[in-house]
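Thanks, everyone. Please have the sequence and the model open while I talk.

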Amino acid sequence: MLLSDVVLLDYKRCNRRPFLDFYGDPNQQEAQRDFLFKLREENKKQVLEILADSFYHQPETAFQDWQTSGQETLALMEQGVDCILNGVLWQTGLAGWNLPFSVRETVTLLASPSLLVKQPGSSIFGDWQYEVVSVKLGRRPKPEYKLVAAFQAKLLALMQGSELVNPRLIVKSRSEYRINLTTWVSRMEEILTAVLAMLISRQEPEVFISRQRCNLCQWQSFCYDIAQEQAHLSLLPGVTPSRYEVLKKLGLTSLENLAQGNHFLLAKELGKDVAFDLKKQAMATLYQKPLLKSGSPASVLETIPTAHREIYFDIEAEPERNLDYLLGVLIVDYQQQTETFYPLIAETPEQEAEIWEKFLELVFLDPHAPIFHYSKYEVETIRRLAALYRTSRTQEQLLLKRLVDLHDRVTRYMILPTENYSLKTIAQWLGFQWRETGVSGEQCVCWYDQWLKTRDRDLLKAIIRYNEDDCRATYELKNWLVQFLSSHDPKTEQHLHQVQSI
């Protein structure tokens, strides 16, 4: 059995994934997403930028032949080179690892740290040893990064016959962290034990859908179909892995049970507000009824302005370049009965300033039109662009006052019978369909990257269509909210509560 640092990382994120990678039907896997390839390329670029002024070596053989690549890495370490890029470490057997059971199966442990850097010390090579340097794209030192670095550091120490050396972790901002192995080796070995136990026993973990963690997984559709078939509670917004454990302890593992569950017991375990939200979410989903979470319909309606001209705004960005390359603006004029979409797009990164100025000219043609959007990102972007391109403070504040974040209104005041509160999920529940099917904002990031390399204008057109549909979906949602709140009968919720209490 080959157990790598990648397997540990995957297990920490989702314990089903290594099981499916080992024993699942490969035909059920989806193709890897373009965005995943892009992230890997960005990570390679990130490491090379760190090494820009350094001389380094690397194994000549690709990682796919890890045994040969590992022998080449070992030879470089014996030579005492200063720095090794993409070195390969491996060990057959579990000698030196603190595991609470013996394993009959032959296990090989494998790791490929970003860098191995020579340090003074004592090892089987002489008066030097190597330290692990792990380079990650994340903005902060996540627990899974520390876990992997601890695994790599212990494997390295066993191979080079040295004391454990706290590895270094470098994140996107180039901030460096030392991983305390006193804490992380024991945690890592607990995870290693759990992975081995699962794989040896071939015990398939329960499905659990987490929108954020499942997003780039090739088993996402496979697991999602199972979760739907089981009506699994992880499809209910607000049910996190830790809350699900509490629900299982209380025997609340179905929508019906949760909707009817004892509120006081649930509140005792999860807190009053979480218990209230989960029960109401279960009721909304069970009866497929949108419900008010708080406030009266009239008071919520007051937070959603209506005007004879309204603006719907959505942004496409390229995080790696810190670039907002498309400012999409849909202007709806009720008096003229027109809907006009303006795709303000930067065909090169240098044109960001130009589209920002065009955006300001456009939205200030009517300085009183409310600007609807669906996330905090639009607010953050306006502040970033205003600061970057020296927009006057007065103009920036006038603009910010006109913004209406419908995501805030929905999540603060509404409970919807949807699996999550993304614009795409809610708008599709309302019947809206995107012309670019199966596309996400992440795919647009990849398309824009390809556009810059190929100048294939079809890619730009696809991005613009996607962005326009985001604006139109926001428009659809705003209209539905106004209609719902204008006609909502509070007796609906009272009736559902009465049904549940029968």
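Gln 337 sits in the loop between strand E11 (323-333) and strand E12 (338-345). Helices and strands here are DSSP runs, numbered from the N terminus: H or I of at least four residues for helices, E of at least two for strands. Gln 337 is exposed, at 72% relative accessible area. On that scale, buried is under 20%, exposed is over 50%, and partly exposed is in between, with a 1.4 Å probe and protein chains only. Gln 337 is not a glycine, yet its phi is positive, about 55 degrees. Most residues other than glycine have a negative phi.

Before going on, the ground rules. This is a predicted model, where local features need pLDDT of at least 70 and side-chain atom pairs count only at pLDDT 80 or more, while totals for chains, interfaces and linings use all residues. Residues are numbered from 1 along each chain as its sequence is written, and side-chain values use heavy atoms, leaving out hydrogens and water.

Arg 174 counts as partly exposed because its relative accessible area is 48%.

Now the whole chain. It has 21 helices and 15 strands. Its C-alpha atoms fill a box of roughly 80 × 60 × 40 Å along the principal axes. Of its 502 residues, 49% count as buried. Take contacts (heavy atoms within 4.5 Å). Among those between residues at least 6 apart in sequence, 69% join residues at least 24 apart.

Next, the cores. A nonpolar core is a set of buried Ala, Val, Leu, Ile, Met, Phe, Trp, Tyr and Cys residues joined through side-chain atoms within 4.5 Å. Which residues touch the most other members of the largest one? Phe 359 and Met 414, in a core of 87 residues. Helix H20 (residues 457-487) gives the most to this core, with 13 residues. Apart from it lies another core, of 53 residues, including Leu 89, Val 185, Met 198 and Ile 209.

Back to Phe 359. Skip residues up to four places away in sequence, and Phe 359 touches Phe 313, Leu 327, Val 329, Leu 344 and Leu 399.

Helix H20 also holds Thr 474. Buried or exposed? Thr 474 counts as buried, because its relative accessibility is 0%. Beyond four places in sequence, Thr 474 touches Tyr 312, Phe 372, His 373, Tyr 374, Leu 406 and Leu 423.

Another threonine. Thr 391 lies in the loop between helix H15 (377-388) and helix H16 (393-401). At 12% relative accessibility, Thr 391 is buried too. Its side chain makes a polar contact with the side chain of Trp 356, at 2.9 Å. A polar contact is a pair of N or O atoms within 3.5 Å; within protein, one must be able to donate a hydrogen and the other to accept it, and residues adjacent in sequence count only if both atoms are side-chain atoms. Outside four places in sequence, Thr 391 is in contact with Trp 356, Leu 360, Leu 385, Ala 386 and Glu 396.

Over to Cys 223, in helix H8 (residues 220-230). Cys 223 counts as buried because its relative accessibility is 9%. Its contacts beyond four places in sequence are Arg 16, Leu 20, Val 207 and Ile 209. Cys 223 and Leu 20 are 203 residues apart along the chain, with C-alpha atoms separated by 9.9 Å.

Last stop, helix H1 (residues 5-13). Its buried residues are Asp 5, Val 7, Leu 8, Leu 9, Asp 10 and Tyr 11. What covers them? The cover includes strand E1 (2-4), helix H2 (16-23), strand E4 (108-111), helix H5 (143-160) and helix H6 (181-201). At the start of H1, a side-chain oxygen of Ser 4 reaches to within 3.2 Å of the backbone nitrogen of Val 6.
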